[in-house]
Structures are given as C-alpha cells and as structure tokens.
Amino acid sequence: MRKNYLWLLLLSIVFPSCDSLFEYHPYEGRIQGKTDILAKNVPLIESFGRGRHSFRFAFISDTQRFYDDTYDVVNHINARGDIDFVVHGGDLADFGTTAEFEWMRDELERLSMPYVTVIGNHDCLGTGEYIYEKMFGTDNYSFSVGNTHFVMLNTVALENDYSNPVPDFGFIKEDIARVTQINSQTPDSLTHTVVVMHSRPGDEQFNNNVIDVFDLFLMPFPGLEKDAPCRADGTRLNGFCLNGHNHNRSIKDLLGDGIMYYGVPTVKKRKYYVFTIQEEGYEFEEVVF
Amino acid sequence: MSLRKWYSDSIFGRMCGLWLFLLFILPMCAQPLWSLESVGEDNYIIESPDDAADLMVYNALSPATEGMPRDSVFSRTYDDFVYRSHERWLRLIPNLGTLQYAGNIGFCAVGLGWDYGKHDRWETHLLLGYLPRWHSKQWNLTFTIKENLVPWSVPLGRPRDLDNPDCLAHHSHFTFQPAVFTFFVNSIFDDEFWTEEPDRYPGSYYRFSSRIRLSIGVGQRISLDIPHEKRRHYDRISLFYEISACDLHLISDIPHKRVSTGDILRLGIGMQYKFF
C-alpha cells in the first residue's frame, strides 16, 4: 500500500496547476490570456495625444526569444518615466508558436504605458499570422497622436503570396485619403508622419520590385511631401520611417530622397531608440541599457 | 522534383516513407536476425504422425530413414525458416491501441502500436491527432510516431496467496510503471508548414522545420491485467499520463530565465489497450 501513496505523492508534485500544461500542440490556435491588444492600446494612445503637440515614444524591435533582454528593456523604459508609449517593430515570436506569443505578450504587458506592434516575418511562421492577428490585431493600421500620423505597415512580402498584397497599397491609398480629409476639414491638424515597418526597402523580405512605388506612396503623407520642411542635410524635418528586422543599427536616408529610415538593433544588442516629437521637428536618442 | 522534396511536399510521399519504415525496420527491431537461434526447442512442436496413413506417407517419402528419430528426418532448416518468417510477419500486427488527450500531439489522438524487446519494454505507437481550429485558419490533423521505453513494472498490492508470495499469479492484477520515457516525432498536415524551407527563401533562412516537431517526455502508467478467463477484447488496460516538451520550447527555455521549465511542459493523459 505504501507504493500507492508514493504514486499519489508523485502525481501531486508533477501536476502543477498551470494553464499552459494542457496546450495541445505548439502550433495550436488557442490563445490563453489577453487578445485584441491593438484595439485596446490604440484608443489609449490616441486619447492621450488629443491636443498634444509634443510627446515621446520608444522604439524596440526583434525581441524574438530574447525574453531576458526584453524583461530588461521593459524595466528600463518603465524606470525612465518619460516615455508616453512604445512601438514594437515586429518579430515577437521566433518560430510562430502560440506559447511564444503569450510569453512575449506577458513581457510587453509589464510596460506601464500602452504599446503598439507591427507584424514581423517570424510572426508569420506556422499558424503565427493568425495568432498575431487575434492577439494583437490587423497587420496594416494607422492612428494619430496629436498632430502626428502613425502608419503601421506589414512589409514582410516573402512570407506572403500575391493573394495577400504586401505592402498593401490599397490600404496606404485609403489612409492618404483619410489624412487628406482630416486636413481639409481642419487644416494642419496632421503635420507629422511616422511610418513603422518590419523590413525596409532593400531587405530580402521586402517586395523590392516596388521600392519606387512604395516611396511614391509615402510622399503624400504630411511631413514626407517633396516640398515638406527639411533639415540642413536635406532630410525631412517632420517625417521618418522606423524599421527592425536586420538586428543592426542602420540609420540613413535609404532611398536618397530625404526620408530617413531608422533601423533599430534587436533588444539582444541592448539598444533601443527614443523619439521626441515636437511641433517643429523631432529629436532622436539612442539608448543603451 | 527531387526525391526529398517529393517526400516532404506530398502526403503520399510521407505516408510511403512511413510504411516503408514500418515494413522494414520494425520487424528487425522486434526480432534481430542474429538472435534467431533463441527461437528454440520449447516453441517448436512437430506433431507426431498419429495414424497409419500418415506413417505410410512418411515412410514412403523417406525409406532410408526408417527407424531414425523423427526430427532428424524432416527438413529442420526449412521448417525453421517458415516458422521464423511467420513469426516475424505476425509481429507486424499491432497489439496496442491508444487514446490520448492533449500532450503536444493534438486535442485528442488515437493510435495503434507494437511492443517488443525484452519483457516488451519497448513500444512504438503511430497516432493520428486532431487539432481544432480556434483562432487559426483551419482544423488540422497531426501524425505522430512515438517510441516508449518502459523500464520497470511494479506489481501493486499485497500477494493474495501468503504461502506463495513470490508467485506473480497470486498478486493483484494491477501493476504500476513508475517511469515511462517517451520520444516522439510529430508532423502536422497543413500546407502552411514545411519540412524543408520553400524555395523562395534565400539560403538557410530559418534553419528549422515548422512541420516536424521532436519532443521528449516522461510519464507514469498504471495497468490492469485482465484475468484470462474474463478477457473479451483486451489483455491489459492501462491509464497513463506523460509530461513532454518540444524542441522549439526547449531551446526557448534553456537560455532564458524568464521562461520557466513549467511554462514549456505539456501534459497528456490517456488510455492504452493491449489486445494480445
């Protein structure tokens, strides 16, 4: 009979009361915990920005499987106290498994401010793109913070075929129409534009056949126009692009037309960017943590 | 199209590979060729010619051997061959059935299996799992090849016959397997997953297969040996649980403090039937 008790004892040690214990498959489509995060965070950021002309946001990217570094960057951003919201440049999961999204979401949820994400190529693996869509939201969306317009784009074309257009020019066109309408109702209500994408023109993930078209489609956004105010070095004063994907620091006027691309290294390299948007221009800060 | 690509892309290719594997490897595992000598005298029974007609035929066929011992007369080599090849092919008939809930191979799975080796310590199972849709695009089927090692089996309960405590036949019919080590390969039948990266990716881009998951686990089992006179369909029924972790989650856990071992462990519970 002693053996029977031993068996029960073993059972009680091995069975912790844990939700993830009954996950059916690494690629199962069942998400435990918070979903539709963008639908909750974007209105928070928009209502924060109402009437504001100056704010500060942090940009991190490529946190896949770097849970400890993500933990540290979240602590660092929280401790600063001057960041209004965080933009994540994609690649939250490494293999696209459901648990990876949950682990990364739980790290990011520790941020004391709202955050937004774009989809990365690793997020599309397996059932990942459906998990991403349910957990975070749609891959192309836009929102406005004060007089700054944020365009969040899916640019991981290599993960998609032609049935899912990447980049989605239809979406960009509609968004331009939206911005134009807002500005025609209340002139100068949107004067800055930040375009966030995971892979940038020239990357193997980008649809490089359409680099010039993509560039032309960004031009109508406020602050990115041909005649928009520029700095002394010829780069746009009120508009720029953000990207991740390459895991390297790469800041340059990528296409030679004055639109700056800020490529942020992965959190593994212990760096993130902070942008301070002001009424006239923006400030860029590179933070090592 | 290369053979490897055909194998990885086509469901027929995958199934062909599987059956080839089973046809050739399993009988070999079950009864290695070099140990055939052990199929010995005990099992080998030749019925003696029991009537005069048989004896006549026997004598007519081999007049020169009249009066010699019988087993030196028949072609022992050929009979051994027939016996062994029957024995080997019969081992292809699965003798285990499994029903499993959860455990990294789907919501539920059904399977057939074989046990073999010394004391039937090794088991190979083939399982078909069902993975519901939830938030993904579609429901899926998964296929699993599972290899179990059951090193120990402990009789549970007190011997009933106190005069003869060592006789297993008098123990309770329950046995307990305190550790069952398991290794399984799972694949998912969905075109979104790949064994080898599709051609559109440059070089070795992701360096992993999203379709093939390797997992290791350990579990326990309690078995009921049904008394021979009460058997209808099963020789033995077991309840088991196992705790496993898959390769992708193991490499996420090991270098990172923020992902605990508890986060990557998955529980499966199930029932196993032994038919014969």
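I looked up how α4(A) and α5(A) cross, and the crossing is right-handed. I noted the ranges: α4 covers residues 98-108 of chain A and α5 covers residues 128-135 of chain A. They pack at an angle of about 35 degrees, with axes 10 Å apart. Axes here are lines fitted to C-alpha atoms, for helices over the stretch in contact, and angles run from 0 to 180 degrees between N-to-C directions. Helices (H or I, at least four residues) and strands (E, at least two) are DSSP runs, numbered from the N terminus.

Which residues make the contact of these helices? From α4(A) I listed Thr98(A), Phe101(A), Glu102(A) and Arg105(A). From α5(A) I listed Gly128(A), Ile131(A), Tyr132(A) and Met135(A). Contact means heavy atoms within 4.5 Å. I sorted the residues into 4 nonpolar, 2 polar and 2 charged. Ala, Val, Leu, Ile, Met, Phe, Trp, Tyr, Cys and Pro count as nonpolar, Asp, Glu, Lys and Arg as charged, and the others, Gly among them, as polar.

A note on the source: this is a predicted model, where local features need pLDDT of at least 70 and side-chain atom pairs pLDDT 80 or more, while totals for chains, interfaces and linings use all residues. Residues are numbered from 1 along each chain as its sequence is written, chains are lettered from A and ligands numbered from 1 in the order in which they are written, and side-chain values use heavy atoms, without hydrogens and water.

Next, the sheets of chain A. One open sheet has 5 strands in the order β3-β2-β1-β10-β11 (chain A), with mixed pairing. Two strands pair if DSSP finds at least two bridges between them. The edge strands are β3 (115-117) and β11 (282-288) of chain A, each pairing on one side only. The twist averages 25 degrees from one strand to the next. Helix α2 (residues 37-49) of chain A packs on this sheet and touches β1, β2 and β3 of chain A. Inside the sheet, β1 (residues 55-60) and β2 (residues 85-88) of chain A pair in the parallel sense over 4 bridges. Phe59(A) stands opposite Val87(A) in β2(A).

I found another open sheet, of 6 strands, in the order β4-β5-β6-β7-β9-β8 (chain A), also with mixed pairing. Why is one side of β4 and of β8 left without a neighbour in the sheet? Both stand at the edges, so each has a single partner strand. Parallel pairing joins β7 (residues 239-243) and β9 (residues 260-263) of chain A over 4 bridges. There Cys241(A) stands opposite Tyr261(A). α6(A) lies across β4 and β5 of chain A.

A cis peptide bond joins Val166(A) and Pro167(A), with omega about -10 degrees. Pro167(A) is in the loop between β5 and α6 of chain A. Asp91(A), not a glycine, has a positive phi of about 65 degrees. The loop between β2 and α4 of chain A holds Asp91(A).

Last, the two chains. How many residues does each chain bring to the contact? Chain B gives 50 residues and chain A gives 45 residues. Together they bury about 4,400 Å², 65% of it on carbon and sulfur atoms. Buried area is the accessible area (1.4 Å probe) that two parts lose on being put together, summed over both. I counted 2 salt bridges between chain B and chain A. Each needs a side-chain nitrogen of Lys or Arg within 4 Å of a carboxyl oxygen of Asp or Glu. One of them links Arg266(B) and Glu23(A) at 3.0 Å, N to O.

Terms used
Left-handed = near helix turned anticlockwise from the far one by under 90°.
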